[in-house]
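Subject: Handing over a structure, with notes

Dear colleague,

I am passing this structure on to you, and my notes on what was found in it follow below. Please read them alongside the sequence and the model.

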Amino acid sequence: MEVSFAGASGRTAMSRAGSMTNKADSWSVPITVAQIPDTGLHRDIEAGPAAREAMAEVAGLRQILSASASLDVTPESGGRVHVEGRVRARVGQTCVVTLDPIENDIDEPIDLIFAPPEQVPQLADLVDEAAESDAEIPDPPEPIESGVIDLGRLATDALFLGIDPYPRRPDAVFEPPVVVADPEDHPFAALKALRLDATPTDAKKPRNR
């Protein structure tokens, strides 16, 4: 079923979606696969203030104080490329217990294989076959898009993956609310009520002599 947007509200929704996509790709460091030397290459990259601000908005963070990555890019047989390294960042979040502003460090590994698009389905089948056996399951390869690998986007994805969804201060302790016990709330409360209801109203009246 084809879904279309019409009118000003539709254009606004599409504009917002495109804006968020652009912000997610704000840290962009593309490299051309054909220009990677046989010996590979090393890249140290760092996100600028504008890129950090855009990424923080997408990730729902107060701020990203720093973000950098150190990556080794190595060509392999069949036109595949191995990208390995780490992304490190310091992010500003809000403690889920005290609601105080806090800062957390992120240190995430990156270890990915990129392959020409025509190889991806075949390599994905090998991953499925490994899943059905006792063999170690490799990660499926990522497609090389338009002959380019964007190291900044890889670092962004790894940074997002390393965000703590429930950040809290080291000394923050969650204390559940204290509930005052009801003296009538005990296993025999209902039985007591039934007995009172069953007592005849004139049973307590004194007899006339």
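Which pattern does the chain follow when it is read along the sequence? The chain follows α-β-β-α-β-β-β-α-β-β-α-α, and its secondary structure comes to five helices and seven strands, where helices (H or I, at least four residues) and strands (E, at least two) are DSSP runs numbered from the N terminus.

Before the details, a word on how to read them. This is a predicted model, in which local features need pLDDT of at least 70 and side-chain atom pairs count only at pLDDT 80 or more, while totals for chains, interfaces and linings use all residues. Residues are numbered from 1 along each chain as its sequence is written, and side-chain values use heavy atoms, with hydrogens and water left out.

The chain as a whole

Of the 209 residues of the chain, 27% count as buried; buried means under 20% relative accessible area, exposed means over 50%, and partly exposed lies in between, with a 1.4 Å probe and protein chains only. The chain exposes about 14,700 Å², of which carbon and sulfur atoms supply 53%; accessible areas come from the Shrake-Rupley method with a 1.4 Å probe, and for residues only the protein chains shown count as cover. When contacts (heavy atoms within 4.5 Å) are taken between residues at least 6 apart in sequence, 67% of them join residues at least 24 apart.

Salt bridges

Side chains of opposite charge can pair when their charged atoms come close. A search of the whole structure finds six salt bridges, each being a side-chain nitrogen of Lys or Arg within 4 Å of a carboxyl oxygen of Asp or Glu.

In one of them, Asp-105 pairs with Arg-90, and the closest N and O atoms are 2.6 Å apart. This pair links distant parts of the chain, since Asp-105 is in strand β5 (residues 101-115) and Arg-90 is in strand β4 (residues 81-94), 15 residues apart. Asp-105 counts as exposed because its relative accessibility is 58%, whereas Arg-90, at 29%, counts as partly exposed.

Another salt bridge joins the side chains of Asp-100 and Arg-169, at 2.6 Å from N to O. Asp-100 lies in the loop between β4 and β5 and Arg-169 in the loop between α4 (151-161) and α5 (189-198), so this pair ties together parts that are 69 residues apart in sequence. Asp-100 is partly exposed at 28% relative accessibility, and Arg-169 is partly exposed at 27%.

Within helix α4, the side chains of Arg-153 and Asp-157 meet in a salt bridge at 3.1 Å, N to O, and these residues are four apart, about one turn of the helix. Arg-153 counts as partly exposed at 32% relative accessibility, and Asp-157 counts as partly exposed at 38%. Finally, Arg-86, Arg-88 and Asp-107 are linked in a network of salt bridges.

A charged patch on the surface

Asp-44, Asp-72, Glu-84, Asp-111, Asp-139, Glu-142 and Glu-145 form a negative surface patch. Patches are made of residues with over 30% relative accessible area and no salt bridge, with like charges joined within 9 Å and nonpolar side chains (Val, Leu, Ile, Met, Phe, Trp, Tyr) within 5 Å. Lys and Arg count as positive and Asp and Glu as negative, while His and the chain ends are not counted; the place of a charge is taken as NZ of Lys, CZ of Arg, CG of Asp or CD of Glu.

Buried residues and backbone details

In helix α2 (residues 49-59), the residues Ala-51, Arg-52, Ala-54, Met-55 and Ala-56 are buried, and just after α2, Gly-60 takes a positive phi of about 75°. Ala-115, in strand β5, is also buried, with a relative accessible area of 0%, and its C-alpha atom is separated by 6.2 Å from that of Pro-141, which is 26 residues apart from Ala-115 along the chain.

Positive phi values also occur in residues other than glycine. Leu-99, found in the loop between β4 and β5, has a phi near 65° and counts as exposed at 64% relative accessibility. Ser-146, in the loop between β6 (142-143) and β7 (148-150), has a positive phi of about 55° and is exposed, with a relative accessible area of 75%.
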